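Hello,

Here is the structure I said I would pass on. My notes on it follow below.

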Amino acid sequence: MNVESAIDRLIDGLHETARPRVWSLIVTVLGDQVTPRGGVIQLSALQQIMGGLRIEENAVRTALSRLVKDGLVERLKEGRTSSYQLSSANKAEFDAASRKIYGWDRPPWDGYFSLALFPGGTNGNGSPDARAMRKMGFGPLMQGVYLKPGPNPDCTLPAPGVTLSSQTDNADEAYDLARTAFGLDDLAAQYHDLFEAFSSLDATGSEILRPERALTARTLLVHNWRRIALRDPELPVGLLPKDWAGFKARDRVKKLYLRLLELSETALDALGVGSAPDPEFLRTRFD
């Protein structure tokens, strides 16, 4: 399979299972491609990028309206020209997401787990908000019990409960606990699927791509990676098996990103998207 066919198959995959989440694709473009170039992109340029993914102009406008209404994107108007950027009000949230997407911040693990116990949660009353617990780094081990790597944390729980510490030096036991609390089997399957989905693009060798097609491939790559990376609880390496699917997937993403980088930046230049960023900044994104 040549590289053009590989990209077409990836676009087919975007449209196969369900209607593409256009708003999420736009956030990917704004975060990965536009922010390093000053943060602002004209509507016409954004529509061209999305057109490479077979997303219609009206769908882009509809998604942008939703993003602006939700406060995630800001619209800038100059005469009859509309431009967009990620909302400055959510900069801290976007920065945190960027660190998860491109970074590799895995804390060391000393064999300790923190447990948060909610007596009322065992009978359905007084259960903590699961989303709030996830933000604090806890995963549900069983009803009324949440687990987090590390010693007993100094934190305020979202419901009446207590925290305590437990230690284990049994690697298999530790992984089983983490697998249950953080759904690692499902996460590993998602990483494996991403690895396989981009295997055809990785196997096409050094064929020369048109810049706009390199940009399309880069958008698909980062979008698929971003959706999984933001769900990853970023557990310490010591809690993961040596053959963890996330390691292989990240290596493939980094390799392809670097391969697509120069040509995709050329396409952004042609679209008039801001000014070219520091090449070294982009090359070291996944370091």
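Which residues are exposed on the other side of H5? They are Ala92, Glu93 and Arg99. Please keep in mind that this is a predicted model.

Helix H5 covers residues 91-102. Its 12 residues should span 16 Å at 1.5 Å a residue, and its end C-alpha atoms are 16 Å apart, which agrees. Phe94, Ile101 and Tyr102 of H5 are buried. They cover an arc of only 70° around the axis, so they sit on the same side of H5. An α-helix has 3.6 residues a turn, so residues three or four places apart point the same way. The cover over the buried residues of H5 includes helix H2 (22-34), strand S3 (81-86), helix H10 (211-229) and helix H11 (245-270).

In H2, 11 of the 13 residues are buried, so H2 is largely enclosed by the rest of the structure. Among the buried residues of H2 are Val22, Leu25, Ile26 and Val29, and also Asp32 and Gln33. In H10, 15 of the 19 residues are buried, so this helix too is largely enclosed by the rest of the structure. The 19 residues of H10 should span 27 Å at 1.5 Å a residue; the end C-alpha atoms of H10 are 26 Å apart, which agrees.

Now the protein as a whole. It has 287 residues, of which 44% count as buried. Its secondary structure comes to 12 helices and seven strands. The C-alpha atoms fill a box of roughly 60 × 45 × 35 Å along the principal axes. Of the contacts with a separation of 6 or more, 76% are between residues 24 or more positions apart.

On the interior: in soluble globular proteins, nonpolar side chains tend to be buried together. The largest nonpolar core here has 75 residues, and Ile26, Met50, Leu184, Leu201, Trp225 and Trp244 touch the most other members. H11 gives the most to this core, with 10 residues. Not counting residues up to four places away in sequence, Leu201 touches Val3, Ala6, Ile7, Leu10, Ala217, Leu256 and Arg259. A second, separate core has seven residues, including Ala116, Phe118, Met133 and Leu157.

Some single residues in loops also deserve a look. Arg106 is in the loop between H5 and strand S4 (112-117). With a relative accessible area of 16%, Arg106 is buried. A polar atom of the Arg106 side chain lies 3.0 Å from the backbone oxygen of Leu235. Leaving aside neighbours within four places in sequence, Arg106 is in contact with Asp232, Glu234, Leu235, Val237 and Leu240.

Glu234 is partly exposed, with a relative accessible area of 25%. Its phi is positive, near 55°. Most residues other than glycine have a negative phi. Arg54 also has a positive phi, of about 65°, although it is not a glycine. Arg54 lies in the loop between helix H3 (43-51) and helix H4 (57-69), and is partly exposed, with a relative accessible area of 41%.

Regards

Notes
Residues are numbered from 1 along each chain as its sequence is written. This is a predicted model: local features need pLDDT of at least 70, side-chain atom pairs count only at pLDDT 80 or more; totals for chains, interfaces and linings use all residues. Side-chain values use heavy atoms; hydrogens and water are left out. Helices (H or I, at least four residues) and strands (E, at least two) are DSSP runs, numbered from the N terminus. The expected span of a helix is 1.5 Å times one less than its number of residues. Buried means under 20% relative accessible area, exposed over 50%, partly exposed in between (1.4 Å probe, protein chains only). The arc is that of the directions from the helix axis to the C-beta atoms. Contact means heavy atoms within 4.5 Å. A nonpolar core is a set of buried Ala, Val, Leu, Ile, Met, Phe, Trp, Tyr and Cys residues joined through side-chain atoms within 4.5 Å. A polar contact is a pair of N or O atoms within 3.5 Å; within protein, one must be able to donate a hydrogen and the other to accept it, and residues adjacent in sequence count only if both atoms are side-chain atoms.
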